[in-house]
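Please look through the sequence and the 3D structure shown here before reading on. The paragraphs that follow lead from the domains to a covalent link and then to the packing of helices.

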Amino acid sequence: MARPKPVGGETVAVSAQDCGQGFTAPKPGRQTFQMRNTGDQTSEVYLIDPATNAVYGEIEGLAPGTTRDLVATVAGGTYAWRCVPADGKAVTSKAVRVGGAAGAGAVVPVSEQDLAGPLRAYKAYVNRGLVTLVTETRKLGDDIRAGHLDTARADWLTAHRTYASLGAAYGTFEDFDQKINGRPDGLPGGVHDKHFAGFQRIEYGLWHGQPAGELKGPARQLAADSAELRTAFPHQDFDASDLPLRAHEILENTLQFELTGDTDQGSGTGLATADANLAGTRELLTVLRPLLTTRAPHLLPTVDADIARLQALLDAEHHDGRWTPVDRLGRSAKERIDGATGQLLEDLSPVPDLLEIRKSA
């Protein structure tokens, strides 16, 4: 495919003094703009509709003295450049008008204030989940101390699913995530390493015949770490921009780790974890739905259908309280689950860009 030609063969200046110099009304169609930073500060560059601040295209971190291409589709409408120096105020160029029918896709910028409500709602969801987690990990510890290992296996899964449903907060949990749900990967002793702890350490012991005496310490520590996280979470820094990112990343990790069996330490419950991850994704989309509805009205019906499809496939592998282990899935069932997860990820992929906090807002 031929590369779009630079508009008029000219460059467009980016700086606090000359933002948009050289910009003339482009022709409709897919265009390449050559953006040159003529200033002395790294800048963000946006092609916008000046009436709404909607963004048609952008370049992040354009360094002084450098030129980069910005590709955007132009249709009928009004266009201007906005240059945002790293240590300065945003500057908007003179607007130009392009004739013809409207149709170019533009994204209305999201501000931290826009995400404040969804963030509060999601943090409340996580707080409720952590309260439940503390209760469930204590119950797991009680089971193990009493030597009731069959009950412990069931209660382990309940607690682990609760934790797995809080996926958007993992980046906020800091070191607690490694303590509570860390994998043995990279540990010198692997599953026998003294630093292997948390859910996966207990899972390994419960499903590899270790006696209750060997699991009392890890269970006690898991309950203590869960309680400490519950206390710490309200004071941790939860970046609002993490919400749209995690809407995609939770299931990306699911496909990489749970649906490959990489995290399975013997319980065969990878699909149960995937189901909890899907619940966490659904919760994120619930709090983000108002922002997405106004920016991409056709996205959510597609994503909702994808979620329903994946949910049905997971439900089909859950019988009488037992989940089919990933390594025992039939070939066609495995391909359908992987395919449905991949399709959902593809349809979720625009969310981080749609809800990115931009300096032009």
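The protein chain is divided into domain 1 (11-98) and domain 2 (112-355), with bounds that come from an automatic or database domain assignment. Taken over C-alpha atoms, the centres of domain 1 and domain 2 are separated by 41 Å. This is a predicted model, in which local features need pLDDT of at least 70 and side-chain atom pairs count only at pLDDT 80 or more, while totals for chains, interfaces and linings use all residues. Residues are numbered from 1 along each chain as its sequence is written, and side-chain values use heavy atoms, with hydrogens and water left out.

The structure holds one disulfide, a term that stands for a pair of cysteine sulfur atoms within 2.5 Å. Its partners are C19 and C83, whose sulfur atoms are 2.1 Å apart, and with 85 degrees about the S-S bond the link is right-handed. Because C19 sits in the loop between β1 (6-14) and β2 (29-37) whereas C83 belongs to strand β6 (residues 77-85), the pair ties together parts that are 64 residues apart in sequence. Strands (E, at least two residues) and helices (H or I, at least four) are DSSP runs, numbered from the N terminus.

The next topic is helix packing. Two packed helices are described by the angle between their axes and the distance between the axes. Axes here are lines fitted to C-alpha atoms, for helices over the stretch in contact, and angles run from 0 to 180 degrees between N-to-C directions.

Helix α1 (residues 112-145) and α5 have axes that come within 9 Å and cross at roughly 165 degrees, and α1 and α5 are therefore roughly antiparallel to each other, the term for angles over 145 degrees, with those under 35 counted as roughly parallel, 65 to 115 as roughly perpendicular and the rest as oblique. Their crossing is left-handed, which is to say that the near helix is turned anticlockwise from the far one by less than a right angle, clockwise being right-handed. Contact (heavy atoms within 4.5 Å) involves residues including L130, V134 and R138 of α1 and L215, A219 and R230 of α5. By class, this contact of α1 with α5 has 13 nonpolar, four polar and four charged residues, where Ala, Val, Leu, Ile, Met, Phe, Trp, Tyr, Cys and Pro count as nonpolar, Asp, Glu, Lys and Arg as charged, and the others, Gly among them, as polar.

Helix α5 (residues 212-232) also packs with helix α4 (residues 198-206), their axes coming within 9 Å and crossing at roughly 155 degrees, which makes α4 roughly antiparallel to α5. The crossing of α4 and α5 is left-handed, and among the residues that make the contact are F199 and I202 of α4 and P218 and L222 of α5.

Helix α2 (residues 149-164) and α4 have axes that come within 11 Å and cross at roughly 155 degrees, and α2 passes α4 in a left-handed crossing.
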